[in-house]
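Reader: I would like the labels in this model checked against their cut-offs. Please take them one at a time.

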Amino acid sequence: EQDEYYQKTRDLAFRLTKWSMDKYKNEHRYVITSGGGPGIMEAANRGASEAGGKSVGLGISLPFEETNNKWITKRLNFVFHYFFMRKFWFIYLTKGIVVWPGGFGTLDELFDVLTLLETKKISRKIPIVLFGKDFWNGLIDWDKLVSNKLISKSDLDLFITLDTVDETFDYLIKNMKK
């Protein structure tokens, strides 16, 4: 299953990078950014690189990860010591987010950005795609959070869950704002 997500991530990053380069020529208006590590993060940087574009890696120094992946543009390869600084730079300039199946770090980052949007600490619209309905719909019971009045029904509009690269690409380019 991870191989399938790896390829889909790579394909989406490739398409978004080509689209951005065609639309904005040499400006590189939209640049793929990942957590810099292996797996899905590597796939995102690799797809952008294979499309001839730049990509950013925002790594974190961890005892079980050696270094950021080789596909990150050399001068855009960063490693942070503190998670809060890394999350700040992830969110600061983001125009769209695709969240792939992941563990505690992925969930932490997702809920952090959702909280900032829900509480209006971020006032701009950021399209968020949770990729992989089987994973996300079985992981969190969003309706139970609403029925227990822990989140508002309108909070569910902060993200969309999609299954294909085509759907995700179309949703992002339609909803990303300069």
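Reader: Why is Asn-69 called buried?

Author: Buried means under 20% relative accessible area, exposed over 50%, and partly exposed in between, with a 1.4 Å probe and protein chains only. Asn-69 has a relative accessible area of 8%, so Asn-69 is buried. This is a predicted model, in which local features need pLDDT of at least 70 and side-chain atom pairs count only at pLDDT 80 or more, while totals for chains, interfaces and linings use all residues. Residues are numbered from 1 along each chain as its sequence is written, and side-chain values use heavy atoms, with hydrogens and water left out.

Reader: What does Asn-69 touch, not counting residues up to four places away in sequence?

Author: Contact means heavy atoms within 4.5 Å. On that basis Asn-69 touches Ser-34, Gly-36, Gly-37, Met-41, Glu-42 and Asn-45.

Reader: What makes Trp-100 and Phe-131 a tilted pair?

Author: Rings of Phe, Tyr and Trp (its six-membered ring) pair if their centres lie within 6.5 Å; planes under 30 degrees apart count as stacked, over 60 as edge-to-face and the rest as tilted. The centres of Trp-100 and Phe-131 are 4.1 Å apart and the planes are at 35°, so the pair is tilted.

Reader: How do you know that Phe-131 is buried?

Author: Phe-131 has a relative accessible area of 1%, so the label buried applies. Trp-100, at 8%, is therefore buried as well.

Reader: Which residues form one aromatic cluster with Phe-131?

Author: Tyr-5 and Trp-100 form that cluster with Phe-131.
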